[in-house]
Amino acid sequence: MSDSDGEGSKAGDGKKKDLFYKVKAFKRRTMHAVAKTVSKVEVTRDEEYNMVHGKFVDVDARVQRISKSFNDYREALKHLAMVGATLADDLLEVYETDSSMRPLAVMLKDAHDTLNEKVVPPLDMNYEKEVVEVTGNVTGRYQGIKDDDARRTRYLNDYDHYRHKYTTLQQSPKKEKLGENIRECEQKLNIASEKYHTMHERLSARLRTADKHKDTLFNEQLMALIRSEQAFFSQGNNEFDKLLKASEEKRFRQSMQSAAEELARADTAAKMIQ
């Protein structure tokens with residue numbers, strides 16, 4: 001019975017043959033892995049590929065960190081705005097309606113409400129589209145490379161397996177009686193060789209591109225991040241600039257001074273009570 005990779009399967013073979021192939025492929029690759037461990041099989045090695053792939057692994061780790069940081073920063077800004085609004089609400093509760101400083105506390109609440117209701121939502125939508133989604137495309141690109149590297153490993157194992165099997169058959173004392181087996185193995189070897197070398201060349205090129213253009217993949221997000229930060233802080237500052245200007249008005253400074261003096265007198269009076 002054939003142990004080929006199933007390239008010649010007919011359309012009507014169905015799931016049963018598909019599962020049969022996967023089981024045989026798994027068994028073949030497992031046996032090959034064991035054979036490599038005990039040094040019974042000559043293994044194809046490519047130091048140049050290993051070097052390029054090693055660089056990719058390093059870049060991929062950085063890409064994953066950047067992706068996480070983009071998301072963390074987004075959540076941090078939203079959390080900052082939300083906590084600020086909560087703080088403003090809490091502060092407002094301590095000012096009675098007749099307090100001369102209450103208008104300033106109301107302005108603080110209004111500034112935070114504006115930040116949360118009018119500034120953050122559109123900025124967050126743009127950030128999602130221009131930073132998070134674009135970065136998702138980058139991580140998807142890198143995941144595709146990792147998936148292809150796993151396929152390359154499987155194809156390499158198949159190639160080495162049939163190469164070893166073909167050599168073993170050629171060197172067998174019963175070679176003359178194994179003509180059909182040799183021809184079948186040679187056919188499988190050719191298929192495995194084409195699959196491996198095609199994947200190897202394509203993947204090697206993608207790995208070099210990923211390393212050379214790792215910064216290019218983040219240019220768009222860098223520009224979007226700068227725009228987003230500028231808009232967040234400048235639009236937010238518009239409200240807080242008004243608030244700061246109001247806090248410097250003479251009436252509030254006088255009210256604060258008067259309240260402080262009244263508190264001091266109250267504290268002094270309390271200490272004098274025997």
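A search of the whole structure, which is a predicted model, finds four aromatic pairs, where the rings of Phe, Tyr and Trp (its six-membered ring) pair if their centres lie within 6.5 Å, and planes under 30 degrees apart count as stacked, over 60 as edge-to-face and the rest as tilted. One of them is formed by Tyr 159 and Tyr 196, whose rings are stacked at 5.6 Å centre to centre, with 10 degrees between the planes. This pair links distant parts of the chain, since Tyr 159 belongs to helix α3 (residues 102-170) and Tyr 196 to helix α4 (residues 179-212), 37 residues apart; helices (H or I, at least four residues) and strands (E, at least two) are DSSP runs, numbered from the N terminus. Tyr 159 counts as buried because its relative accessibility is 14%, and Tyr 196 is buried with a relative accessible area of 3%, where buried means under 20% relative accessible area, exposed over 50%, and partly exposed in between (1.4 Å probe, protein chains only).

Another aromatic pair is that of Phe 232 and Phe 233, which is edge-to-face, with 5.0 Å centre to centre and 85 degrees between the planes. Phe 232 is buried, with a relative accessible area of 8%, whereas Phe 233 is partly exposed, with a relative accessible area of 40%. A ring also takes part in a contact with a charge, for Arg 152 lies over the face of Tyr 49, at 3.6 Å from the ring centre; a charge sits over a ring if NZ of Lys or CZ of Arg is within 6 Å of the ring centre and within 35 degrees of the ring normal.

Residues are numbered from 1 along each chain as its sequence is written. In this predicted model local features need pLDDT of at least 70 and side-chain atom pairs count only at pLDDT 80 or more, while totals for chains, interfaces and linings use all residues, and side-chain values use heavy atoms, with hydrogens and water left out.

The overall fold can now be set around these details. The protein chain has six helices and zero strands, so that its elements, read from the N terminus on, run α-α-α-α-α-α. Of the 274 residues in the protein chain, buried residues make up 31%. Among contacts in the protein chain with a separation of 6 or more, 81% come from residues 24 or more positions apart, contact meaning heavy atoms within 4.5 Å.

Helix packing gives a further view. Helix α2 (residues 47-92) and helix α5 (residues 219-247) pack at an angle of about 10 degrees, with their axes 13 Å apart; axes are lines fitted to C-alpha atoms, for helices over the stretch in contact, and angles run from 0 to 180 degrees between N-to-C directions. That angle makes α2 roughly parallel to α5, because angles under 35 degrees count as roughly parallel, over 145 as roughly antiparallel, 65 to 115 as roughly perpendicular and the rest as oblique. On the α2 side Phe 70, Tyr 73, Leu 77 and Leu 80 meet Gln 221, Leu 225, Glu 229, Phe 232 and Phe 233 in α5. By class, this contact has seven nonpolar, one polar and one charged residues, with Ala, Val, Leu, Ile, Met, Phe, Trp, Tyr, Cys and Pro counted as nonpolar, Asp, Glu, Lys and Arg as charged, and the others, Gly among them, as polar.

Helix α5 also holds Gly 236, which is buried, with a relative accessible area of 6%. Not counting residues up to four places away in sequence, Gly 236 touches Leu 115 and Ala 231, and its C-alpha lies 7.9 Å from that of Ala 111, 125 residues apart in sequence.

In helix α3, Asp 148 counts as buried at 11% relative accessibility. Leaving aside neighbours within four places in sequence, Asp 148 is in contact with Met 199, Leu 203 and Arg 206, and the C-alpha atoms of Asp 148 and Leu 203, 55 residues apart along the chain, are separated by 7.0 Å.
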